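Grab a pencil and work through these exercises with the structure open beside you. Try each task before you read its solution.

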Amino acid sequence: MLRDARLDRASLSRANLSGVDLQGQSLLRGRLSYVRLHRARLNGANLQQANLQGADLSQTDLSDADLGDAQLTQVDFSGVRLDRARLSGAHLRGADLTVAGSLTGSDFSAADLRHSRLSGIDMRGIDLSGALLLGADLRGTNLQGARLVATELKKSDLREADLRDTDLSGARLIGARMAQARFNGARLVNVELGGNLIDTDFSNALIQRSSLAGANLKGARFEGTKLDGVDFSGANLYGVDFTCAELSRCLFEKANLNQTRFTERQQRENRIEERPVSD
């Protein structure tokens with residue numbers, strides 16, 4: 001029975017603690033590498049700065065637990081509950097969270113999630129601000145309403161991801177794959193997007209002081225989108241309809257404007273010249 005034990009800085013590496021009840025207990029800076037915690041109850045526990053490298057957390061309840069700055073590489077997350085868990089600054093490089101049970105309301109701000117697997121899972125409303133997601137697999141992930149402020153998403157896979165109503169202000173997206181992603185209602189301030197954005201939906205989004213220079217935006221949607229200070233230089237805008245968007249101080253130098261639609265007012269205010277180029 002460990003419910004009343006003092007476990008701060010405890011050394012329990014490789015111990016078998018399957019099914020143990022440690023609800024609300026403090027294991028601050030605990031040394032728990034390769035520990036077996038299968039079906040353990042750790043909801044509400046304090047695991048800040050704990051070393052859980054290689055731990056078996058399968059079917060473990062970590063809801064409301066504090067895992068801030070914890071070492072969580074090579075962990076088995078099969079069926080783990082992380083509802084409302086705090087993982088700010090946690091080390092999760094290469095983690096496979098596609099097998100986790102639930103992540104509702106979790107805080108992954110400033111976490112290291114480089115090259116992690118997050119494809120197709122429900123991450124609605126999650127805080128990923130300042131997180132490192134370089135090379136992460138987020139294809140088809142539901143990130144609706146998530147906070148991604150200043151998040152590193154370089155070379156990540158966001159194809160078909162649901163980014164509706166997300167805040168991506170200051171996010172780094174160079175080299176990210178985003179074809180058919182949904183940015184409806186998203187906030188994109190001071191971001192740089194490029195590459196293949198074919199059929200991407202930006203309807204009702206706010207895109208401000210950002211660059212889409214050189215991007216392939218063929219078939220992209222901008223209905224109701226507010227575009228202020230956006231650089232479309234050299235972008236492929238073949239067939240894009242801007243007539244229901246708000247355009248202010250946007251640049252279209254050397255963009256492919258073949259069959260692109262603007263209102264006369266948009267053309268005048270943004271100095272858009274009638275010089276379409278071939279597709």
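## Exercise 1: A serine under cover

Ser102 counts as buried, because its relative accessibility is 19% and the cut-off for buried is under 20%. Keep in mind that you're looking at a predicted model.

**Task.** Find out where Ser102 is placed and which residues it touches, not counting those up to four places away in sequence.

**Solution.** Step one: locate Ser102, which sits in the segment before E1. Step two: skip the residues up to four places away in sequence, and you're left with Val80, Arg81, Leu82 and Asp83 as the residues that Ser102 touches.

## Exercise 2: The whole chain

**Task.** Describe the protein's secondary structure and the span of its C-alpha trace along the principal axes.

**Solution.** Start with the elements: there are 4 strands and 1 helix. Now read along the sequence, and the pattern is β-β-β-β-α. Next, the C-alpha trace spans about 75 × 25 × 20 Å along its principal axes. Of the 279 residues, 49% are buried. For contacts with a separation of 6 or more, residues 24 or more positions apart account for 1%. The protein exposes about 12,500 Å², with carbon and sulfur atoms supplying 41% of that.

**Task.** How many positive and negative side chains are there, and how far apart are the centres of the two sets?

**Solution.** Count 37 positive and 36 negative side chains. Then compare the centres of the two sets: they lie 4 Å apart.

## Exercise 3: Rings in pairs

**Task.** How are the rings of Phe183 and Phe202 arranged?

**Solution.** A pair of aromatic rings is described by the distance of the centres and the angle of the planes. The count here comes to 9 aromatic pairs. For Phe183 and Phe202, the centres are 5.1 Å apart and the planes are at 15°, so this pair is stacked. The pair links distant parts of the chain, 19 residues apart: Phe183 is in the segment before E1, and Phe202 is in the loop between E1 and strand E2 (206-208). Both ends are covered: Phe183 is buried at 1% relative accessibility, and Phe202 is buried at 0%.

**Task.** Now do the pair formed by Phe232 and Phe252.

**Solution.** Phe232 and Phe252 are stacked, with 5.1 Å from centre to centre and 10° between the planes. This pair, too, links distant parts of the chain, 20 residues apart: Phe232 lies in the loop between strand E3 (226-228) and strand E4 (246-248), while Phe252 lies in the loop between E4 and helix H1 (264-269). Phe232 is buried with a relative accessible area of 0%, and Phe252 is buried with 7%.

## Exercise 4: A charge over a ring

**Task.** Where does the charged end of Arg14 sit?

**Solution.** Look for Tyr34: the charged end of Arg14 sits over its ring, 4.6 Å from the ring centre.

Conventions. Residues are numbered from 1 along each chain as its sequence is written. This is a predicted model: local features need pLDDT of at least 70, side-chain atom pairs count only at pLDDT 80 or more; totals for chains, interfaces and linings use all residues. Side-chain values use heavy atoms; hydrogens and water are left out. Helices (H or I, at least four residues) and strands (E, at least two) are DSSP runs, numbered from the N terminus. Buried means under 20% relative accessible area, exposed over 50%, partly exposed in between (1.4 Å probe, protein chains only). Contact means heavy atoms within 4.5 Å. Accessible areas come from the Shrake-Rupley method with a 1.4 Å probe; for residues, only the protein chains shown count as cover. Lys and Arg count as positive and Asp and Glu as negative; His and the chain ends are not counted. The place of a charge is taken as NZ of Lys, CZ of Arg, CG of Asp or CD of Glu. Rings of Phe, Tyr and Trp (its six-membered ring) pair if their centres lie within 6.5 Å; planes under 30 degrees apart count as stacked, over 60 as edge-to-face and the rest as tilted. A charge sits over a ring if NZ of Lys or CZ of Arg is within 6 Å of the ring centre and within 35 degrees of the ring normal.
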